[in-house]
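The following note sets out several points on the structure shown here.

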There are 2 protein chains.
Amino acid sequence: MRLTRAGEYAVRCVLYLCGQDRGLIVPRREVAQSMEIPEQFLGKIAQQLARAGILEIVQGAKGGLRLVVAPDQVTLLDVVEAVIGEIFLNDCLLRSSSCSRVNSCAVHQVWLKARAQLRETLASATFAELLKDKVCVDPEFLAQQRLEELR
Amino acid sequence: MRLTRAGEYAVRCVLYLCGQDRGLIVPRREVAQSMEIPEQFLGKIAQQLARAGILEIVQGAKGGLRLVVAPDQVTLLDVVEAVIGEIFLNDCLLRSSSCSRVNSCAVHQVWLKARAQLRETLASATFAELLKDKVCVDPEFLAQQRLEELR
DNA sequence: TTATATAGGATTAAAAGACTCCTTTTTATC
DNA sequence: GATAAAAAGGAGTCTTTTAATCCTATATAA
């Protein structure tokens, strides 16, 4: 498992939506610009998050993205797996055909354990918790960061 | 982090060497054939394992691979990181430049924890322990497996 | 000296990742 | 109903990584 750009962007997107008023439709462009996500790419990512039931996409004028789950009900695992698929650390566990060894092999047990631990850690991090640390989404802070980058 | 083929092969290679008599030089071809690793590719992988001080490569006739560490002193983490580099779950932690957010961000904390846990789990799995489960390296078992594949 | 082995640089093919483009469709508002 | 704003979604592109392989050079036991 490796957090791709898409996964990282998905986390940023949900983080931003969680920081807005509940049920508010936020234009895709706003999310993209605030969180430094390529806008078109966000379109694709949002679709995956929508399919996973995390947010809703509103089409047409005044459209945008709207969170449909409560911040304390979405976890990092939900968001990450929505875009990169179920987490596996190696092919062996995903496709047993890639390895002729039986699944009871001791090495597999270690990977199995590592994978379970990783997923558990991500599952225990809800966005409500993450948001307590304002630094990730605070508009002023983000604006400041962008200014600094221009120098 | 994602266990690549090279990483998987490295584990198989060390597993095999650990199953042989201590200090024995094993021809590369033998390791490759027994553990189903493309031989040339194993050459490259062995070089990385040698650089990491896990095994030694003996050149010339009667050359081959020789384990230089005791099976209870090598861990899955050692072998895996020898070929795929230090484990990181995301770019953010590896190159802070890929993310303008400060490292104290709550999301980073979660990834940091997940990464530490993963490395710890892999570090606690020594090859001596893994070898107790003979099924991974037992020559008869492996031969049996290969026969079954031909059908 | 010869046969057996690995070294190591170059190269390649396939897959994954990271996006962008562009035409169509949807929808609020005038 | 027309218009403009906004997302849908399929296709396409460029880059990087992965997974090897080839081939010439070098090392070494017998």
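1. Terms and basis. A residue is called buried if 20 or more other C-beta atoms lie within 10 Å of its own, exposed if 12 or fewer, and partly exposed in between, with C-beta atoms placed from the backbone. The structure is a predicted model, in which local features need pLDDT of at least 70, side-chain atom pairs count only at pLDDT 80 or more, and totals for chains, interfaces and linings use all residues. Residues are numbered from 1 along each chain as its sequence is written, while chains are lettered from A and ligands numbered from 1 in the order in which they are written.

2. Glu36(A). This residue lies in the loop that links helix 2 and helix 3 of chain A. Because 15 C-beta neighbours fall inside 10 Å, Glu36(A) counts as partly exposed. Its phi is near 55°, a positive value in a residue other than glycine.

3. Organisation of chain A. Chain A contains eight helices and two strands, where helices (H or I, at least four residues) and strands (E, at least two) are DSSP runs numbered from the N terminus. Along the sequence the pattern is α-α-α-β-β-α-α-α-α-α. Chain A has 151 residues, of which 37% count as buried. Two residues are in contact if their C-beta atoms, placed from the backbone, lie within 7 Å. Among the contacts in chain A between residues at least 6 apart in sequence, 64% join residues at least 24 apart.

4. Strand 1 (residues 55-58) and strand 2 (residues 64-67) of chain A run antiparallel and are joined by four bridges; strands pair if DSSP finds at least two bridges between them. Val58(A) stands opposite Gly64(A) of strand 2. The two strands form a hairpin with five residues between them, and Gly60(A) in the turn has a positive phi of about 75°.

5. The hairpin of chain B. In chain B, strand 1 (residues 55-58) and strand 2 (residues 64-67) are also antiparallel, with four bridges joining them. Ile57(B) has Leu65(B) of strand 2 as its bridge partner. Five residues separate the strands of this hairpin, and Gly60(B) in the turn has a positive phi of about 75°. Lys62(B) is in the loop between these strands and has a positive phi of about 60° although it is not a glycine. Lys62(B) counts as exposed because it has 8 C-beta neighbours inside 10 Å.

6. DNA strand C. A residue is near a strand if its C-beta atom, placed from the backbone, lies within 6 Å of it. DNA strand C is surrounded by 22 residues, the closest being Thr4(A), Pro38(A), Gly60(A), Arg28(B) and Ile57(B). Two or more residues come from each of helix 1 (5-19) and helix 3 (39-51) of chain A, and helix 2 (28-35) and helix 3 (39-51) of chain B. Helix 3 of chain B gives the largest share, three residues. By class, this surface has eight nonpolar, 10 polar and four charged residues; here Ala, Val, Leu, Ile, Met, Phe, Trp, Tyr, Cys and Pro count as nonpolar, Asp, Glu, Lys and Arg as charged, and the others, Gly among them, as polar.

7. DNA strand D. Around DNA strand D there are 24 residues, with Arg28(A), Ile57(A), Thr4(B), Pro38(B) and Gly60(B) coming nearest. The elements giving two or more residues to this surface are helix 2 (28-35) and helix 3 of chain A, and helix 1 (5-18) and helix 3 of chain B. The surface near DNA strand D divides into eight nonpolar, 10 polar and six charged residues.

8. Helix 4 of chain A. Helix 4 (residues 76-84) is mostly covered, with eight of its nine residues buried. Among them are Leu76(A), Asp78(A) and Glu81(A). The cover over these buried residues includes helix 1, helix 3 and helix 6 (106-123) of chain A, together with helix 6 (106-123) of chain B. Gly85(A), with a positive phi near 85°, follows helix 4.

9. Leu17(A) is found in helix 1 of chain A and counts as buried because it has 28 C-beta neighbours inside 10 Å. Not counting residues up to four places away in sequence, Leu17(A) touches Val26(A), Leu55(A), Leu65(A) and Leu67(A). A nonpolar core is a set of buried Ala, Val, Leu, Ile, Met, Phe, Trp, Tyr and Cys residues joined through C-beta atoms within 7 Å. The largest such core has 82 residues, and those with the most contacts inside it are Cys13(A), Val14(A), Cys13(B) and Val14(B).
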